[in-house]
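Student: Hi! Could you walk me through this one?
Tutor: Happy to, here it is.

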Amino acid sequence: MTEIVMPRLSDSMEEGTIVRWLKADGDQVRRGEELVEIETDKATMPYESDAEGILRILVEEGRTLPIGEVIATVGEEAGPAPGREGAEAPAETHAAAAGAEPVEGAPAAAQPAPQPPAAAQAGERVFASPVARRIARERGVDLTSLAGSGPGGRIVKADVEGAAQEPAGTPGTPAPVPPAPAPADGESGRGTVTATEPSRAQALIARRMAESRATVPSFTLETTVDMTTAVSLRAEMKETALDSELVPTVNDLVVKAAAIALREQPGANGAWRDGHFERYSRVNVGVAVAGEGSLVVPTVFDADRLTLAQIAEATQGLAARVRSGEITPPELSSGTFTVSNLGMFGVRAFEAIINQPQAAILAVGAVQERPAVHDGQVVPRMLMDLVLACDHRVLYGADGARLLERIRALLEAPLSLAR
């Protein structure tokens, strides 16, 4: 029998949530078949079986478990899997196994009293729906004291509402209803407040961004790039491109320029991890993409070795797969540097938060026509602001300045990127 454990689907994943089983308990599965959809800190992804046999599901949908915890087994046995959550043998079977005689007049199938969820008994995370958790917080209900009526003992909305309405005094006597508290000063104009539980990805992104801000001694550098030549080059490429040919975006130019600069300055293509420096032989540039309710950073591998056309094809394909939910774990891993672009929203400049444990992240603003001094005269030019955030443990001020200056120089001579 093969144990199926919570897999590591991204390099930053610590735990995952079972969203949906794609096979039913007792189904015959083949190696390579998709078994379950798992939500990670970056996306929801299917996981394939690496064994053949009968599937026995041990963990219900909605549960969150750390990496390495057993969630199912695949093997030849057809009987019920031991330890499956929510599985109970009939009372008659237990009595027969113990050699006990049935009590005359007793019900044929007595129902055991409901028990609190196993997670609550063991002091672990309570198995409850997001709505149930919110109502429990609002009404002061202790979830660990409840028995869930949902699938696998999950505490649902009705369980919490029933507990909140139970009288505190004599059974059968309605509890007095306290008067509604008067609104606090300054809060009466807020209207109805709706609390929404974050998704697994949103919660982990929030935690990682807070950790980055709190633990990384970062500094920022800013420069302005004259993109006039680059804009003209793109216009010429559009005019001469075939119908099926991709024209690189401004962001593709930035990715290529950053990759070349990182190859030339390998100290920036690294990280500070566990008290020591790491340098990476491959230049893998992550490109921040706004997904459904979260931010996803797929990776352009070996960007320094790709042509501009290959980078354009890679970034377009990655962005499409992020938005369709088809992005795969390998495409989200092993980034060594990140580019984040908000120029399409008209944002002139901003500071991005470092994607740990990378050494730096580049924030790209909009390309805008602005007055500039060119050849001794003030003329309109197409300008773009770049802001580089650096981990001071890896890059000192001069190191970051050299990296940013090299990126600027490459973008202002875009023909060097087209080779």
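**Strands and cores**

Tutor: Let's begin inside a sheet: V287 stands opposite V339 in β16, with pairing taken as at least two DSSP bridges between two strands.

Student: Before we go on, what kind of model is this, and how are residues numbered?
Tutor: It is a predicted model, where local features need pLDDT of at least 70 and side-chain atom pairs count only at pLDDT 80 or more, while totals for chains, interfaces and linings use all residues. Residues are numbered from 1 along each chain as its sequence is written, and side-chain values use heavy atoms, leaving out hydrogens and water.

Student: How many residues of β16 are buried?
Tutor: 5 of the 5 residues in β16 (residues 337-341) are buried, where buried means under 20% relative accessible area, exposed over 50% and partly exposed in between (1.4 Å probe, protein chains only). F337, V339 and N341 cover one side, with T338 and S340 on the other. In a regular strand the side chains alternate between the two faces of the sheet.

Student: What does F337 touch?
Tutor: Leaving aside neighbours within four places in sequence, F337 is in contact (heavy atoms within 4.5 Å) with residues including A258, L262, V285, I361, L362 and L403.

Student: And which residues touch the most other members of the largest nonpolar core?
Tutor: Those are I71, F337, L362, M384, L386, I407 and L411, in a core of 69 residues. Helix α7 (residues 250-264) supplies the largest share, 10 residues. A nonpolar core is a set of buried Ala, Val, Leu, Ile, Met, Phe, Trp, Tyr and Cys residues joined through side-chain atoms within 4.5 Å. A second, separate core of 10 residues includes V126, A132, I135 and L146.

Student: Switching topic: which residues of α6 are buried?
Tutor: T228, A230, L233 and R234 are buried in α6. The buried residues of α6 pack against β9 (218-226), α7, β18 (377-391), α9 (397-412) and α10 (415-418).

Student: Last one: how many helices and strands are in the protein chain?
Tutor: The protein chain has 10 helices and 18 strands, and 39% of its 419 residues count as buried.

Note on methods
Helix = DSSP H or I, 4+ residues; strand = E, 2+ residues; numbered from the N terminus.
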